[in-house]
Structures are given as structure tokens and as C-alpha cells.
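Biologist: I have a model open and would like to go through it with you. Could you put it up first?

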Amino acid sequence: MAITRADVEKVALLARLQLTDGELKMMTTDLSQIVTYVDLLAEVDTEGVEPMAHAVEVSNVFAEDEVRPSLPREQALANAPGRNERGYLVPPVLGG
Amino acid sequence: MSTPYTTIIGLEVHVQLATQSKLFCGCPAQFGAEPNTQTCPVCMGLPGSLPVMNRAAYELSLKTAVALHCEIPTFTKWDRKQYFYPDLPKGYQISQFDLPMSANGYMKISDDKGRFEPKKVGITRAHLEEDAGKSIHDEVTGKADSEIDLNRTGTPLLEIVSEPDMRSSAEARAYLQELKLLLTYIGVSDCNMQEGSLRVDANVNLHLETPVGHVATPIVEIKNMNSFRAVQQALDYEAKRQYRVWQETGQKLGDSPKQTRGWDDATGKTMAQRSKEESSDYRYFPDPDLVPVRTTAERVEEVRAALGELPADLRTRLTATHGLSAYDADVLVNQGPDIVKYFLLAAETSGDYKGACNWVTQDILRSVKEQDVAIDQFAVSALQLAALITAINDGQLPKPRAKEVFELMLVDRMDVAAAINTLGIEQVDESALVTLCQDLLRANPKIVADVQNGKHQAIGPLVGQAKKKNPNADPGRVREICLELVARGE
């Protein structure tokens, strides 16, 4: 399965990645190769094989509903690129 | 149908589940804390942190899904829904995509005023997901930075998606009221809309019969409705708007992408927001950090058995078994579980459902509202109300004086016996009443003459005088006896 330049442009937009013309070309080639390689799996006969929803054969792992201490606000906000005394500050997103 | 179109409505409701802690971490899920004081590496999406499913959140979801008559698959898993927004710190929301925990349920709705026929509204699915944080925007200029509060990030939400089965804003409102009532009865959410515990998005479009055949208008999703009343208004507005746009442009379903519009309470209009990204653009894939949940048919049956009486069942029991009118049953049940518990205790103890219903829906509800107290703090307990009803039914307390007794119980917190005593209420035997009436008639020959001439209402003043002479005299009985005596010429 070949990946087109348009595919890469769409995925880059969804991932909010800005790619140069050269990068777009390179990605189109690389991703095509990766997807073509994975396509090998299509040769396997999966008739009657139950689809796998998860990589590990474990289920029902729960935590009890108990409150545990949260981070102090100062610590929570410590790494924020922008902040005030209460919260994170981000560029305006109104109408976004 | 008075409109040239049919309105097709489906609703998406998000309810916050009543857990102590968040869905995937131990941070408190309570509303109202100082911003960013209820976060940890898991809900902030810091690298290396891992989510673990809150057992109570899953159990509450299961309970709700069963109450909504959903099918519960034995296997369910969680997926990542990727999109970028500043209040979504991980860059994805943990939600459910292709294998939700429940699907294909229904809820019945009806209208006590008969504005629409009772119907079943299909529930497409109900799935468990995490909430995002809160953005506080600069509403004035839109230019200052937005502030982000992550306290709400990761609180458990159940998304309940209905089929597009509703045909009017009144049906949509009834659906929301019944859903809220059901969720409150089974105690899975406080459903507080002001605090965001219950949020509604509506999908609406129109179907029209035209000379060229059946036509549907583009589907619009309405957001930002903060009350059931707002939902109803927004749907009414949107139906009219879509009809107008269709007349102007002739645009049909599929001609334009699905549009999202926000409801503005102040102007009473919906305003266009961004066009919705295609669902495949969320690039859902199974979350490798969470393991799936398996359940069994036996477990689902246990949950069903433990549900208790749901609002719809209770209405049926009150009308079918206890003789209440559909209207009365509806009014009572719609008051919510606390009032109903009070009513049921009073009704069961006194054995008089109709009497208990009258007291609760009239005097009790009014007094509770006036005093602004919770029913379990109310001066007259359910057992005291039962005693009051029993006193009336046993003839110890004449009905016309019951309100006075109730007042003393309410204001002075007396029990029924003390109140009856204080008021000096005692039964007046029939012969004493007859004597009283005879005396009154003898003293008022003019009234007797008027009554003989057919003016039965002339007897009124005598009833008043009788009450003055003996407060225990039953006015209705006094009237009857007087009229009878006059008729017999005594």
C-alpha cells in the first residue's frame, strides 16, 4: 500500500507537525516502506482467528475508589511554560 | 402536525459519575476546589505515568447501562481519541470506540399532559470515558491568554447516546427529565447541571416531504445548553432556522459537513462554531496502558436484581396497585427519590396511598419549599404524617380541622395526639349536633324562611355560627342537618 504526499500532509496536520518540502518527500517514502512492510501480514490466513483487542492477556485491573493526595499546586504548575498564581496560561483559544 | 417538516432529534448526554476519586488516579473528583489543586502526574498526562481504572466508576456505569435496558457485552476496552486542545494535557482522551461497555438500550418517555404519545427512545450506547479540563477564556477581547484548570481532567463521565428517536423539543425535554430522574434514583450521579455533572449536546435536522420526494436537511449539533429549558428553546429555534435555510438554499444532508452551533441564552439563538472533524480524524486506537474489562451474564443479572424500583416501575405500581391517578403518580415520582421515600413510608404506615399522596403533593411540598429544607430535616416526619392520616381515617380527627393540626405539628413540632389535644378537638356526637342545629334554626326564623323559599345558600351563616359555638362541629354535617330539619319543617 503506497502512501501519497496528500496522506502525509493530512496526518501532519492532524498531528500539528510542520514539515518542509524535503521532509514531506522523505516521510512519504519512509512511511510507504513501513506500511508496505506491515502489509506482509495480509498474506497470513486469519480465517477463524479472533481479533485481538489488546496485546496482553490480562483483564479487570481495578483500583478502589479512594482519594489519594494530589500534587501541591506550586509543584503541578512548576514546569508550565506560562502560568499565573492559579493556572496554566496558553495563547487565546476563543473561537478555535 | 402543524409544521411542514418533521424534526429529528438525538441527544448525547454526559453525566459525571458519583465517585470519590477520578477515573484513572486517586485525585478527588469533587467540584469547586481551587484551580489546579486536584491533579497528579496521571491526570496531568506526565510521561511515565500509568492509568488504572476506578472500580466504582465502572460499577456505576454498568448499573446505569442495565437500568437503560442496554445489552452488556462480555468484553469491553478503552481507546485513545486524539485531538489537540489546551485542556487535554495528554493530547488524547481515554474513551471507548468500537467496543463500548453497553449498547442497544431504551428508555420510555411520556407526557402527563398528553402533548405526545408515550414512546421508547432507543439508547445507541453508553460508554465510560474521562473528562477534559476547563478553559477560562478572555470573553471580552478574546486576545488575552486563556487560563487552564486541570481539576476536572480525568473525572469519570458516562456518555449516553440516544437514537434520533425524538420528534419535538417537548419529547427531548421529557427524555432529559426522565433520564435525570432515573440517574438520581439509582444514585449514579448528582446530575447537577450548574456544576457540569450533566451536559447535553443535541443533534437535530428536519425531514420534509417535497414534490421531488423525501428530503433531509444537514444535521447540526447544538452545544452549550445549560438547562433543559435552554435545550428546548435551542431545538425550537434550530428547527425554524433550518427550515428557513432550506427554503433559501435548498441544501440537503450530505451537501455540507456536519455543523456545530453554540446556543446563546442571552440572544436566544444558535451561532455557528467550527465544522466538525470527521470521526476518523480522531485516529482512535486501543489504549495500551489500560487492560480490557470482562464481565459475565451472571454479574449483569446481579446488577439488574440489585437495581431496586425504577421510576417507571414505581409509577406503574402506584397507579395499578394503589389506585393513584397517572397524574398523581407522575407528580410524586418526579419529585425524586427522597420525597418518594418519605411518601412511601407515610403511605405504607397509614395504608392510605391516596391520602398520603394528597398531603405530600400539597401541604408537605409547599412547606418544604417555603422552609427550604431537605425532606429528612422536615418538621413533620413521614411517621407523623402517617399518624395524622390515620387519625383522620379513624374519625378521631374531623377532616376540616386537619389543617390546624398540621400547622401545630409543623410550627410547634407537636405530635398528632398533642396537637389534637391542644386544639381541644373531640368528636361531637350526632345528637349534640342535632340539638345545636335546632337551637340555631329556632333563633333564626328569617333564614329558615329563606331556605323554605328555595334559597339553600342562606344556610351559610348558620354553619359559621355553629362553628363558633362548637369548634368541633363538622361544617358539612351541620349544613346537612339544618337543611334536613328545615325540609321536615321542624
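Modeller: A term first: on a 1 Å grid over the protein atoms alone, a pocket is an open set of points where a 1.4 Å probe fits, with protein on both sides within 12 Å along at least five of seven lines, and lining residues have an atom within 4 Å of a point. Grid points are joined across faces, edges and corners, and a volume is the space filled by probe spheres set on the points. This is a predicted model, where local features need pLDDT of at least 70 and side-chain atom pairs pLDDT 80 or more, while totals for chains, interfaces and linings use all residues. Residues are numbered from 1 along each chain as its sequence is written, chains are lettered from A and ligands numbered from 1 in the order written, and side-chain values use heavy atoms, without hydrogens and water.

Biologist: How much space lies in the second largest pocket?

Modeller: About 1,200 Å³. It is lined by 41 residues, and those closest to its centre are Ser110(B), Glu178(B), Arg315(B), Asp330(B) and Asn334(B).

Biologist: Which element gives the most to that lining?

Modeller: α2(B), with 10 residues. Helices (H or I, at least four residues) and strands (E, at least two) are DSSP runs, numbered from the N terminus.

Biologist: Which domains does the lining draw on?

Modeller: At least three residues come from each of domain 1 (5–294) and domain 2 (309–422) of chain B. The bounds come from an automatic or database domain assignment. Chain B also has domain 3 (430–487), and the centres of domain 2 and domain 3 of chain B, taken over C-alpha atoms, are 33 Å apart.

Biologist: Now Leu314(B). Is it buried or exposed?

Modeller: Leu314(B) has a relative accessible area of 1%, so it is buried (under 20%; exposed is over 50%, partly exposed in between, with a 1.4 Å probe and protein chains only). It sits in helix α5 of chain B.

Biologist: What is it in contact with?

Modeller: Beyond neighbours within four places in sequence, Leu314(B) touches residues including Tyr185(B), Val333(B) and Val340(B); contact means heavy atoms within 4.5 Å. Leu314(B) and Val340(B) are 26 residues apart in sequence and 9.5 Å apart in space, C-alpha to C-alpha.

Biologist: Different topic. Why does Asn203(B) count as buried?

Modeller: Because its relative accessibility is 15%. Asn203(B) is in strand β11 of chain B.

Biologist: Which side chain does Asn203(B) join in a polar contact?

Modeller: That of Lys258(B), at 3.0 Å. A polar contact is a pair of N or O atoms within 3.5 Å; within protein, one must be able to donate a hydrogen and the other to accept it, and residues adjacent in sequence count only if both atoms are side-chain atoms.
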